[in-house]
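Colleague: I have a new chain on my screen and some questions about its fold. Can we go through it together?

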Amino acid sequence: MDEEVRQLRHENAAIHLSGGIVRLDLYRLFCYFYASKAFSEKTDGSDYCSFAPLRGEFEKEEVIRILVTSAIFGRRFEKRFISEGGPKELSESSDIGILQENLNSEEVITLNMREACNKIIHAEHIVIDEEEPGNPYYRWMKPEVHFYSSPTKSEGWKATIEIDKFVTVFSDLASMYE
């Protein structure tokens, strides 16, 4: 096989780290949270509502999928950004939420981008904040997610991420790699 053809096939098969893909998922993440309340307002509150089961089946799973994949890409983007000479302080100074390093203590610290990614990736239990005014069909997701290092939520750490801040910081970083 000719060397040029081999090189061309290699380039076409390569997976490029695209900020556009991540930004699309961030858009979807934002939409899931802000459409959640609108969906809850459209339900009739009965078992016969056609879209409530779809929402119940896929809404949280999609949010968690996007958070985990975004965190993986976020760590890769950050590594690339720093290796290209970007200031490390940029990722360390971002404010995405709070971290309670020990659930036996009330002390919390600001959660930066790098740590937010790590906590998302390593969490053993994820809880999406919800508002539920009685009937579970009327519940909706609030734009805040809690990540725990323990499935029992009684030991280890807890990270709370504000979705608006998460989307803003990651969108800005990902836009550098489109």
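**The sheet and its helices**

Modeller: Start with the sheet: it is open, has 5 strands in the order β2-β1-β5-β4-β3, and its pairing is antiparallel. Strands pair if DSSP finds at least two bridges between them. Helices (H or I, at least four residues) and strands (E, at least two) are DSSP runs, numbered from the N terminus. This is a predicted model: local features need pLDDT of at least 70, side-chain atom pairs count only at pLDDT 80 or more, and totals for chains, interfaces and linings use all residues. Residues are numbered from 1 along each chain as its sequence is written, and side-chain values use heavy atoms, with hydrogens and water left out.

Colleague: How many bridges join β4 to β5?

Modeller: Strand β4 covers residues 140-148, and strand β5 covers residues 158-162. They run antiparallel. Y148 stands opposite K158 in β5. The number of bridges joining β4 to β5 is 5.

Colleague: Which strands does helix α2 touch?

Modeller: Helix α2 (residues 19-42) packs on the sheet. Its direction makes about 135° with that of β4; axes are lines fitted to C-alpha atoms, for helices over the stretch in contact, and angles run from 0 to 180 degrees between N-to-C directions. Contact means heavy atoms within 4.5 Å. The strands touched by α2 are β3 and β4.

Colleague: At what angle does helix α6 run to β5?

Modeller: Helix α6 spans residues 163-175. It lies across β4 and β5. Its angle to β5 is about 75°.

Colleague: How are α2 and α6 oriented to each other?

Modeller: They pack at an angle of about 165°, with their axes 9 Å apart. Angles under 35 degrees count as roughly parallel, over 145 as roughly antiparallel, 65 to 115 as roughly perpendicular and the rest as oblique. So α2 and α6 are roughly antiparallel.

Colleague: And how are α3 and α5 oriented to each other?

Modeller: Helix α3 (residues 52-83) packs against α5 at an angle of about 140°, with the axes 9 Å apart. The contact includes L67 and V68 of α3, and M113 and R114 of α5. Therefore α3 and α5 are oblique.

Colleague: Which residue caps the N-terminal end of α5?

Modeller: Helix α5 covers residues 113-122. A side-chain oxygen of the capping residue lies 3.1 Å from the backbone nitrogen of R114. The cap is N112.

**One residue and the whole chain**

Colleague: Is F33 buried or exposed?

Modeller: F33 is in helix α2. Its contacts beyond four places in sequence include V63, I128 and I163. Buried means under 20% relative accessible area, exposed over 50%, partly exposed in between (1.4 Å probe, protein chains only). F33 has a relative accessible area of 2%, so F33 is buried.

Colleague: How far apart are F33 and W140 in space?

Modeller: In sequence they are 107 residues apart. In space, C-alpha to C-alpha, the distance is 8.1 Å.

Colleague: What share of the chain do buried residues make up?

Modeller: The chain has 6 helices and 5 strands. It holds 178 residues. The buried share is 35%.

Notes: Polar contact = N/O pair within 3.5 Å; in protein donor to acceptor, adjacent residues only side chain to side chain.
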